[in-house]
Amino acid sequence: MVSLDAASTGAASRPQARVERRRPRRAWWFPYVLLAPSLLFLVLFTYLPVIRVIVDALHVSRHGSAEPARFAGLANFRTVLGDSAFHQALINNVIYALGTLVPTIVLALLFALAVQRSTRLASVLRTIFFFPSLVPLVAAASLFFFIFLPGVGLLDYHLGKLGLSGPNWLGDSDVALWSIIGLTVWKNAGYYMLFYIAGLQNIPGDTIEAAMIDGANALQRLWYVILPALAPTTAFVVVIALINVLTNVDHVVVLTKGGPSNATNLLLFYIFQEAHENFDYGKAAAATVISVAVLLAISLGSIRVMERGGRGAA
């Protein structure tokens with residue numbers, strides 16, 4: 001019996017061994033060949049520009065001169081940090097970030113709470129809320145240019161119907177940045193709503209039901225159950241929103257070009273001016289490195305919060 005089993009096992013293993021011998025062995029370098037095109041484009045369009053910006057930040061070059069760039073150490077960083085225009089752009093960006101983040105996240109959460117259920121009305125509202133995200137930022141800025149026109153714009157027209165008169169939305173240095181903030185909130189709230197809808201669907205229904213059995217009202221459930229469970233989602237949305245705040249400048253170019261009196265001059269527009277209007281590439285590169293370093297620090301802090309929230313939820 002034992003000999004029959006051994007014979008059958010050996011007979012079964014021989015075809016398998018033949019199949020393994022026939023199977024072609026792939027060379028160790030084959031996966032690297034498949035990855036090579038992606039790696040090449042990643043290096044060309046991601047890592048090389050980063051290295052180039054860091055190198056430019058450490059050198060001084062004279063525009064239009066044939067002289068090679070001169071190593072200047074941290075001189076460009078000292079120049080940028082001592083520039084009053086950079087200080088103004090930094091302050092504007094902080095106001096812009098706070099003025100954009102808080103109302104956008106609050107609106108996105110409220111929208112998500114309103115449309116989280118799968119009803120026909122919720123689907124219609126979800127589409128309406130998300131529609132501004134589909135409009136390119138340049139097109140949205142062009143649209144709001146007509147809305148903000150002083151005296152004859154759509155906003156002043158409706159204010160006039162109420163017997164009110166609006167300010168010069170884009171020409172008043174005290175109002176222009178808030179007009180830009182209003183446009184950004186209108187455009188991004190629907191986009192961030194999608195993340196909150198996904199976060200709400202991941203909250204266990206048992207947790208909500210347990211809070212209801214304990215007598216928690218809607219506000220208490222929102223504050224003590226839903227918001228803590230949404231902490232990782234909020235941290236993620238904050239990171240995405242901060243990246244948008246620092247990388248989107250199309251609306252500033254279309255509407256105000258940094259004016260009036262640098263009231264809407266954001267960091268990216270400041271970098272654009274130094275590189276393409278003042279041709280000071282070293283200064284622009286140094287401002288870029290500083291901006292990215294600040295953004296990385298804030299993003300890492302948000303990711304830490306996200307990880308803690310994830311461990312707490314687990």
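The lining of the second largest pocket comprises 14 nonpolar, two polar and no charged residues, where Ala, Val, Leu, Ile, Met, Phe, Trp, Tyr, Cys and Pro count as nonpolar, Asp, Glu, Lys and Arg as charged, and the others, Gly among them, as polar. The model is predicted: local features need pLDDT of at least 70 and side-chain atom pairs pLDDT 80 or more, whereas totals for chains, interfaces and linings use all residues. Residues are numbered from 1 along each chain as its sequence is written, and side-chain values use heavy atoms, with hydrogens and water left out.

A pocket is an open set of points on a 1 Å grid over the protein atoms alone, with protein on both sides within 12 Å along at least five of seven lines; lining residues have an atom within 4 Å of a point. The second largest pocket holds about 250 Å³ of space, a volume being the space filled by probe spheres set on the points, which are joined across faces, edges and corners. Of its 16 lining residues, Leu-90, Val-94, Leu-246, Val-294 and Ile-298 lie nearest the centre. Helix H4 (84-115) gives the most to this lining, with seven residues; helices are DSSP runs (H or I, at least four residues) numbered from the N terminus.

The largest pocket holds about 390 Å³. Among its 17 lining residues, Val-53, Leu-268, Ile-271, Ala-284 and Thr-288 are the closest to its centre. Helix H14 (281-313) gives the most to this lining, with seven residues. Helix H13 supplies at least two; seven of the 10 residues of H13 are buried (under 20% relative accessible area, 1.4 Å probe, protein chains only), including Ile-271.

Conventions:
Buried < 20%, exposed > 50% of the residue type's maximum accessible area, 1.4 Å probe, protein only. 1 Å grid on protein atoms, 1.4 Å probe; cavity = no way out; pocket = protein on both sides within 12 Å on 5 of 7 lines; lining within 4 Å.
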